[in-house]
Amino acid sequence: MFGSIAGNIAGISYFLAFQISGIMLSLSVLRRERTGFALLMGSVTGSFALQWFPALYAFISGFTMGAHLLALISIIGLAVAARLLSRKKSGRRHIRIPCLHSLVQNDPVLFLLLPLFLYMVLTLNHHTISYVDGAMRGGQAVFGDMNMHLGFVTSIARQQTFPPEYSILPGTQLAYPFLSDSISASLYLLGASLRTAYLLPMYFALLQVFFGMYCMAKYLLQQMGGRYRGKSFMAFALFFLNGGFGFYYFITKGFHSENFMRIFSAFYETPTNYTACNIQWHNVLCDMLIPQRATLFGWAVLFPVLALLVRAGQKRKPGYFIIAGIFSGGLVLIHTHSFLALGVLCAGFLARDLYDGYRQLERKRWPLAARAATVAAFLLSMSLIRMKQQSDTPLPAGAILAAGIMIICCFVYFLLYHMIKGCSRKILLTWGTFLGIVLILALPQLIGFTFRQAQGSQFVRGSFNWANDSDGYLWFYIKNLGITFILAILLLVHGTRRQLRLVLPACLLWVISEFILFQPNPYDNNKLLLIAYLFFCIGIADFVWDTIPALVRESPRQMRLIAVTAVTALSTFAALLTMGREYVSDYELYSSSYVSLAEWIEENTEPSDTFLTATNHNNAVASLTGRNIVCGSGTFLYFHGTDYRQNETDTAAMYEDPSRRDRLLKQYGVDYIVIGPNELGSYAISDYDSMTSSYPIVYSGDGIVLLAVT
């Protein structure tokens, strides 16, 4: 798990080879784009290829060194061929590197982007299996999910089974978009340390997310007119430093009180994550990008693809739809929620374009009174449904699901109607090409993995208002989203035509997510809601910057300064407190005794061996060695929709019931039994002395023994 100097050099070099090849491809294909955007798409291409190319070969030969060699040859070959073809067609591209003054003047968002990236790097370095006195430690955000992701990384690299299976539920195909972890498994396979393999791709993904979001916001704001620099800065801050009025619960007794200071000491009691008071709108940086690897790598593709689609419309480049289709089709096994969000948004974009062309909306404006009445009716309806769900006779899940499906059906009818009425050759060549490529690439993944895994009543089902379980509809969003929710309502009522065109596709995604859950954990619907929220952040930035000051004719500049300052401060205060808490958090993940055991297992056992251990979520054997254990934590397995109960029951029986032990050990193919503090704390092992005398002790140290099953 600690790698070697040669292994780290090999792993880092392999990763950088894909990055350089991706940049060569991008510079050749996106010849007319600015260097910054071409470099962004090149980095995304390199990471995307490192996720997919070894996987494609691994489906044939396993996740082996040979598959990775073929993947490297393939990406280098594509890059060289594209470069040669590009030179033959139009000569050498000149890369323009802007001076620092010009860069800062044109893109002041760098003043926020770079400090946030530095914060993320420092926090991840501190949080990711930092080695202290023989133990491995982590922060608050990674205390849960990182254990699961480390297990995916190590088991893919060590067992080399492909498609991968759960090391915490042997024999069960991984019900998770595993390419977000296979990218680190590739580096780990080549000899990089687990820490390096885990962190290096994340650093690049963070930059891709930050710059991808900025490029998209910049292009959209340019379309909407006016100055984009200040607006894009504000949109960036509203999205990544998202938070509501949750800070109120901590400042009621002053900033020096124990009530306020517990933000920095209690476990998950922050102004953006305080379930005791129904604060559920978690911060993007601390609660999504740091612990949620699939979300991070999904957004690293999604945001640049959205920017590319906006650019395609701006420059009328049909070829850009082909590139976007390739990236979009590969999103399924990187992050399924990003793929779903992109699909809904693109359907909204298409419907908007069709409707605009048919009705020529650019010459009309929906009356203010009609918009206000529509928004009020919608909020009243949602509030009444929320009240019904809080009553003694709530609507059944089937009725909520039917309502969500009805919304989708109405939209599909709207879309098909306007396609028949006004579908042009241009739309067929752009959106039609995009859809065709996406379907060709995505359907095999959806049929072979997603649809087969997402079965059972705990997956797609009706549930109203996402994670809200105690508050009224309006109050829940006012205290969770804060001033941005109020501004979103004002935008829908009083926004310009261009602002409405921007957020209406996001409204579709938001409403669908309010009625339908797409996974066992209701919390995970925020991965859809946050994408809709992103478009609202861009629209709100434009609304606060231009529309609100226009209402005050005498002193618009002063009004803009006041509005921007007040909105930004209110929106980001809770996030800044959460970031401070996340930075100082520190917990032990694996004790020194279990780390020593993991080192011994790596050196002395086979990757295919199976271990009987406790089912704790921070299981060092599963996370650090990549070996199979009989059953892992239900915290992970339940929310993946897997049937693990029998394994969990039999694990307890093997420790506690001597009469069934030998038969179950043979049934599950157990090679080793771990007995340490976690096992002794979880099970009543009545015949400990008999067990340790019946099976050979092959390892003993610091209160842990490892028994070999012969």
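**Pockets, cavities and a kinked helix**

Okay, let's start with the lining of the second largest pocket: 35 of its residues are nonpolar, 5 are polar and 7 are charged. For the sorting, Ala, Val, Leu, Ile, Met, Phe, Trp, Tyr, Cys and Pro count as nonpolar, Asp, Glu, Lys and Arg as charged, and the others, Gly among them, as polar.

Before I go on, this is a predicted model, where local features need pLDDT of at least 70 and side-chain atom pairs count only at pLDDT 80 or more, while totals for chains, interfaces and linings use all residues. Residues are numbered from 1 along each chain as its sequence is written, and side-chain values use heavy atoms, with hydrogens and water left out.

Back to that pocket. It holds about 1,600 Å³ of space. Of the 47 residues lining the second largest pocket, the closest to its centre are W366, L492, L504, C507 and L508. A pocket here is an open set of points on a 1 Å grid over the protein atoms alone, with protein on both sides within 12 Å along at least five of seven lines; a cavity is a set of points where a 1.4 Å probe fits but cannot get out, and lining residues have an atom within 4 Å of a point. Grid points are joined across faces, edges and corners, and a volume is the space filled by probe spheres set on the points.

Which helix gives the most to this lining? That's α21, with 10 residues. Helices supplying at least two residues each include α15 (336–359), α20 (483–494) and α22 (526–550). By helix I mean a DSSP run of H or I, at least four residues, numbered from the N terminus.

Let's stay on α22. Its 25 residues reach 34 Å from first C-alpha to last, close to the 36 Å expected at 1.5 Å a residue; that expected span is 1.5 Å times one less than the number of residues. Still, α22 has a kink of about 40°, centred on F543. The bend is the angle between axes fitted to the seven residues ending at a residue and the seven starting there. Buried is under 20% relative accessible area, exposed is over 50%, and partly exposed is in between (1.4 Å probe, protein chains only).

Now the closed spaces. There are 3 cavities of 30 Å³ or more. The largest cavity has about 90 Å³ of space, and of its 14 lining residues the closest to the centre are N147, M148, I168, A622 and F636. That lining has 5 nonpolar residues, 9 polar and no charged, and α6 gives the most to it, 4 residues.

Helix α6 comes up again in the second largest cavity, which has about 60 Å³ of space: the largest share of that lining, 3 residues, comes from α6. Residues lining the second largest cavity include S155, I156, Y166 and N628. R158 also sits in α6, and counts as partly exposed at 27% relative accessibility.

Last thing, for anyone thinking about cysteines. How many disulfides does a search of the whole structure find? It finds 0, a disulfide being a pair of cysteine sulfur atoms within 2.5 Å.
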